[in-house]
Amino acid sequence: MAELFFWPALLLYGEAAVGYLGEARRPGTSGRAATWGVRLGWLAQTSLLAVQATRDDGFPWGTWAGSLNLFVWLVVSAYLIWGCRRTFRLLGLAVMPFAAVLLALARAGGGVGAASRSPYSTAFLVLHVGLVLAAFAGFTLAAALSGLYLWQERRLKRREVTILRRPAPSLASLDGLAARTVWFSLPALTLGIAVGVARLVADGDRVDALVAATALTWTVWASYLALRSLRGWTGRRAAYLALAGFLLVVVVRLALPATHFA
Amino acid sequence: MRLVLVGTSHHHAPVELRERVALDREHAAALAARLAEGGCEAVCLSTCNRTELYVACADPEAAERTAVAALAELEPEVEKALYRLRDQAAGLHLFRVAAGLDSLVPGEGEILGQVRGAYEAGTTGPLLDRLFRQALHAGRKVRAQTAIAESPASVSSAAAALAEQVFGDLEGKSILLVGAGKISEQAARNLVTRQARIAFVANRTAGRAAGLAEKFGAEPLPLERIGEELAHADLVIASTGAPGFVLDAATVGEAVAHRRGRPLFLVDLAVPRDLDPAINDLDGCYLYDIDDLEAVVAETLVGRRREAEHAEAMVTAEAAKFHEWHASLDVVPAIASLRARAEEIREAELRKADALLGRLDESQRRAVESITAQIVNKLLHLPTVRMKQAAAAADGVVYAEAVRHLFGLGEDER
């Protein structure tokens with residue numbers, strides 16, 4: 001049953017990624033097709049998650065691959081808030097290829113099938129995994145917005161003659177939305193970490209590499225907001241900092257999870 | 001009714017000639033009323049790029065002669081530059097005009113309002129009423145479904161569109177005008193229409209700065225104080241006659257340090273340039289000179305022309321719908337006569353059978369009425385459709401005559 005939803009979701013995300021590539025070359029039909037790909041793909045993935053949730057007694061995304069599946073859904077959900085607007089379509093070029101690859105990776109790791117039983121309670125997993133993943137999804141979107149900011153800023157600096165042909169959000173919108181996304185995501189990460197640390201202390205476990213990297217990620221994103229408010233770090237500098245923060249998200253999500261999930 | 005168009009435009013006449021046949025709304029309305037005398041309809045469309053007379057009349061030759069004479073009255077020389085179109089070609093021309101496809105800048109926005117104004121001031125009847133309403137619909141459709149009107153078509157609107165790429169909404173953004181000449185004022189006005197406000201006017205001559213500043217409720221400044229106020233401005237528009245740079249990168253760099261990351265958009269419309277090109281290298285500063293803006297406009301015009309190709313297909317389809325309707329008018333009298341004749345026969349036959357039908361109760365009589373009416377309708381449906389199709393293909397009159405002959409329509413009156 002889960003497979004029935006996985007393949008349409010993957011194919012539609014893939015179609016969206018290709019469509020956005022076409023949109024970057026020539027705005028129009030391919031962009032609209034890509035947006036529908038995201039919408040329908042998201043519906044297929046939502047159905048996939050619903051099937052997993054009804055089939056499993058507890059929290060079905062407690063494994064690394066399972067959490068990757070949920071993470072992709074959260075990223076695409078966050079993207080859908082703005083991504084359907086015409087000027088924000090190009091943001092999909094940064095989000096959808098990434099989402100398609102991660103969803104394929106989640107399946108390869110067994111994250112779209114039945115989950116093995118977790119030693120942790122459902123409440124803990126919902127709070128810890130759910131909040132951390134929601135925060136990471138927000139950071140991913142903020143990084144995509146920052147990437148689009150840098151691209152658009154470079155076009156303006158280079159005075160590209162085609163700049164008005166390809167609709168893109170203004171620098172002010174991109175910068176403001178990235179900051180607002182981080183304002184929502186950082187408290188979620190803080191709470192998610194707090195729940196995890198409380199459990200760590202209660203079980204007497206040690207801090208592993210992933211916990212340390214997550215703390216570093218929190219520091220970078222907290223600095224992003226602090227420097228923005230106190231030192232006026234907006235625009236290009238803020239965008240570079242967001243990309244640095246996103247690199248840490250990638251490391252935490254993809255490079256270090258083996259020890260933590262074991 | 002036949003449709004006649006007589007007119008001239010920027011394609012056929014220079015501005016010196018066009019301005020002599022240009023009419024204001026009042027005179028255009030009066031001319032339309034004069035041309036419509038004797039049971040005709042008329043609309044006079046007069047803009048800076050064209051003066052066109054649309055006349056719907058039973059006698060197209062006479063209507064054309066009157067329209068040509070009316071324009072020649074205004075300026076005899078214009079006769080050589082006039083075009084004369086009829087029926088389908090005249091209709092298609094108006095559709096193209098309303099969509100902005102016949103304009104100097106494809107897709108320009110003003111023409112749709114001008115066509116609407118001419119229609120409202122005209123003396124219209126069923127034909128021109130439908131023609132203008134459908135042309136306005138086509139114009140709106142082209143603008144809504146293609147990107148023909150999205151990009152700027154002038155240097156000042158390109159500057160405003162680029163500023164929006166930086167700031168998004170320009171509402172409340174402060175403009176510093178450097179130079180109190182016409183060019184910078186025009187560019188600033190475009191930004192003001194987008195809710196930006198002119199905060200400072202700097203000029204070498206204090207009097208001119210004060211004059212322009214008063215007009216916009218801005219603060220006048222001597223050129224030496226530009227650097228101080230840069231920290232408070234969001235947009236700078238420079239157009240002085242100074243031989244060298246009025247603003248260098250070092251001065252702007254100092255101001256940027258006090259802006260807490262707020263971007264600064266600078267437009268240099270002067271030749272020789274007023275603003276040091278190195279300003280563009282500063283973080284958060286975006287500088288466009290006249291060449292950059294002209295290149296953007298040229299590119300957007302290429303884009304408009306590309307969109308115009310899609311728009312042409314849409315306009316042709318919309319004009320074809322009007323033509324079908326117009327052509328069907330030729331066969332409407334024949335269709336009406338045919339239906340009336342059939343109904344007459346049906347009623348006569350029912351009357352003949354009255355003795356027999358009298359034995360039926362009310363519901364049975366109604367059923368017989370309904371069945372005979374349906375038979376007549378079904379028999380006439382296909383000929384009606386075919387006649388309308390033939391009318392659209394220009395054979396309508398032949399078919400109408402054939403129907404009149406075959407069914408003996410109108411013979412009683414002869």
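**View 1. The open sheet of chain B.** In this predicted model, six strands of chain B form an open sheet with parallel pairing, in the order β7-β6-β5-β8-β9-β10. Strands are DSSP runs of E with at least two residues, helices are runs of H or I with at least four residues, and both are numbered from the N terminus. Two strands count as paired if DSSP finds at least two bridges between them. Strands of a sheet pair through backbone hydrogen bonds, either parallel or antiparallel. At the edges stand β7 (219–222) and β10 of chain B, each of which pairs on one side only. Neighbouring strands of this sheet are turned by 20° against each other on average, direction ignored. Residues are numbered from 1 along each chain as its sequence is written, and chains are lettered from A and ligands numbered from 1 in the order in which they are written. Local features of the predicted model need pLDDT of at least 70 and side-chain atom pairs count only at pLDDT 80 or more, whereas totals for chains, interfaces and linings use all residues.

**View 2. Strands β8 and β9 of chain B, with helix α12.** Strand β8 (residues 235–238) of chain B pairs with β9(B) in the parallel sense over four bridges. Leu235(B) stands opposite Phe265(B), a residue of β9(B). Across β9 and β10 of chain B lies helix α12 (residues 290–352), which runs at about 80° to β10(B). Axes are lines fitted to C-alpha atoms, for helices over the stretch in contact, and angles run from 0 to 180 degrees between N-to-C directions.

**View 3. Backbone features in three loops of chain B.** The loop between β9 (264–268) and β10 (285–289) of chain B holds Pro272(B). A cis peptide bond, with omega about 0°, joins Val271(B) to Pro272(B). Gln195(B), in the loop between α8 (182–192) and β6 (197–203) of chain B, is not a glycine but has a positive phi of about 75°. Gln195(B) is exposed because 11 other C-beta atoms lie within 10 Å; the cut-off for exposed is 12 or fewer, that for buried is 20 or more, and partly exposed residues fall in between, with C-beta atoms placed from the backbone. Arg260(B), in the loop between α11 (249–257) and β9 of chain B, also has a positive phi, near 50°. Arg260(B) counts as partly exposed because it has 13 C-beta neighbours inside 10 Å.

**View 4. The contact between chains A and B.** In this contact, 17 residues of chain A meet 22 residues of chain B; residues are in contact if their C-beta atoms, placed from the backbone, lie within 7 Å. The elements of chain A that give two or more residues to its side are α5 (122–158), α6 (171–203) and α8 (235–255). The largest share, three residues, comes from α6(A).

**View 5. The two domains of chain A.** The domain assignment, automatic or from a database, divides chain A into domain 1 (1–116) and domain 2 (119–262). Their C-alpha centres lie 19 Å apart. The contact takes 22 residues from domain 1 of chain A and 24 residues from domain 2 of chain A. On the side of domain 1, α3 (64–83) and α4 (91–108) of chain A each give two or more residues, and α3(A) gives the most, with nine residues.

Note on methods
Contact = placed C-beta atoms within 7 Å.
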